[in-house]
Structure formats: structure tokens, C-alpha cells
Amino acid sequence: MSKGAKGVPEEWGAGAGLWLRRYHDGEGAPVRLLCFPFAGGSASYFFGLSRLLSPGVEVLAVQYPGRQDRHAEPCLESVPDLADAVVAQLPPDDKPFALFGHSMGALVAFEVARRLRGPGGPGRPVRLFASGGVARPYRPEGSAGLPGDGDILAHLRSLGGTDERFFASEELQALILPALRADYRAVGAYVPPGPERLDCPVTALIGDADGRTSPAEAATWRERTNGDFELHVLPGGHFYLDACMERVAGIVADALGAGRPVRTGA
């Protein structure tokens, strides 16, 4: 297969090249992992996880519009709309695949999994990895009101994991705030489904010092699957993944039966 500029085969189409990024070789891997970023995040956040898992797992990172090389495109302000757009660009159903979402990305991944439950289409995921302890699908709170930039920045700082230079730079904020506004609106307006369960197993991952959601709340992902459930509590806050990338890669590889990653570093 010929490769497009974003690392995905040109045969998948131009839309896939916009939405999906493949940073490392994984074309011959027996399983595929689609990764969904957090609010304000981008596909490149998963570069390190991709490096650790390849070539045993083909990692595709989702690039939402309105950031990095899609900066000129309008952002989507709805979790269901993001999920619909991703489903429309899924690669061919040529191998088993799983979904990994962090924070807001866990909601998008969950909604993608919901859309793939029925017959036909591009197939069903073999596992959902819900990272970052998002409990909103099970315990709605807040409102669909529009948060101000000050509220967004204060909440972002409270989560940790963001370089302080960002908060001191109006230029950086001007670049990233449009995506943050859209994503915070999407999460705030998200209406969770009723008592609906996925057929695939679910693995929840959370930092033990995450101030947004407790491990007990993260465990409510158990209520969203008819399959097996696992909960992994790792050291760190909301962005525990930054320091625990190798451990997370091992958890993913084990759950997918892909063997332990052999690479080190991120």
C-alpha cells in the first residue's frame, strides 16, 4: 500500500488522512488501536504510546479539527458529532481493533463504540480503554452553559500536566483556546445515554491523585459493559499517562494479547 502524508494508506481516502495519524510502522500488526485525545489535545499526544506499542499494535491517533495542522478548520462542539465523524473515517475492517480515549477522548471513544454495536458497518471494537477517570457517562453534572476563558484556564491549571509557560503566553493561548472552548462546550453539553451497555470488555485507567474523579467513580465504567471489566489505578494526577506511559503500554498490550512492548522511552 502507498502511504499518505499522515502515515495512513492513501487507499483509505482523504478523509482518513485528515482524521487519523499513524506515527510508527504497524501495518502488519494483528490488532489496531484508535486513540482519542483529551479536551484541547491533539493526535501527537499519543506519539509515545505508539512508539512503545509498535510494531505489535497498529496505533492510529485521532486528530480532531481545529488544532495543529487542522487549525484552520472549524471545531466540532458536540461529542456525538465527533463520534459520527470518526466512524465515517474508520479504516477497513481488516483486523480486530480497540479504542483508547483519555478524559474527553474517553467519551468520544465510548460514543464510537456505541455506534458500532449493530450489525454491518466497519466492525465492533474488541475493547474500550477509558483513561482519565471521566465519570460523566454515568453521573451527569454541571450544565451545557458556556464557560469563559478564565474558567477554562483555571480548570486546566487545576488538572496539572500543562506547562506553566502556556498560562503566561497570550500568543499560545490564542492558538489553543478555540479548541479548548469547543471541547469544553462539547463535554458540558454531553447527554449520557440510559442504562446502555457495550458488548466489548472495558478497561478503566486513572491516576490515584486525580482531583476530578476518584477510583471509585472511575469504576462505574463497569456499568457500561456486558463483558469483562478491569480497573488500573496508577500513580499521578489527571495526566498520569505522562509519567506512566510504559506501564500503560504494557496494560494495553496484555489486554490485546499483543505481547509486552519491547521499546523503551516515549
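Trainee: Why is Glu-196 called buried?
Mentor: Its relative accessible area is 17%. Buried means under 20%, exposed over 50% and partly exposed in between, with a 1.4 Å probe and protein chains only; Glu-196 is therefore buried. The model is predicted: local features need pLDDT of at least 70, side-chain atom pairs count only at pLDDT 80 or more, and totals for chains, interfaces and linings use all residues. Residues are numbered from 1 along each chain as its sequence is written, and side-chain values use heavy atoms, without hydrogens and water.

Trainee: Which residues is Glu-196 in contact with, leaving aside its neighbours within four places in sequence?
Mentor: They are Arg-114, Arg-117, Glu-223 and Arg-224, where contact means heavy atoms within 4.5 Å.

Trainee: What makes Ile-176 partly exposed?
Mentor: Its relative accessibility is 32%, so Ile-176 counts as partly exposed.

Trainee: What makes the pair of Phe-110 and Trp-221 edge-to-face?
Mentor: The search of the whole structure finds seven aromatic pairs. In the pair of Phe-110 and Trp-221, the distance is 5.9 Å centre to centre, with 70° between the planes. Rings of Phe, Tyr and Trp (its six-membered ring) pair if their centres lie within 6.5 Å; planes under 30 degrees apart count as stacked, over 60 as edge-to-face and the rest as tilted. The pair is therefore edge-to-face. Both Phe-110 and Trp-221 are buried.

Trainee: How far is Arg-70 from the ring centre of Trp-19?
Mentor: Arg-70 lies over the face of Trp-19 at 4.5 Å from the ring centre. The criterion is NZ of Lys or CZ of Arg within 6 Å of the ring centre and within 35 degrees of the ring normal.
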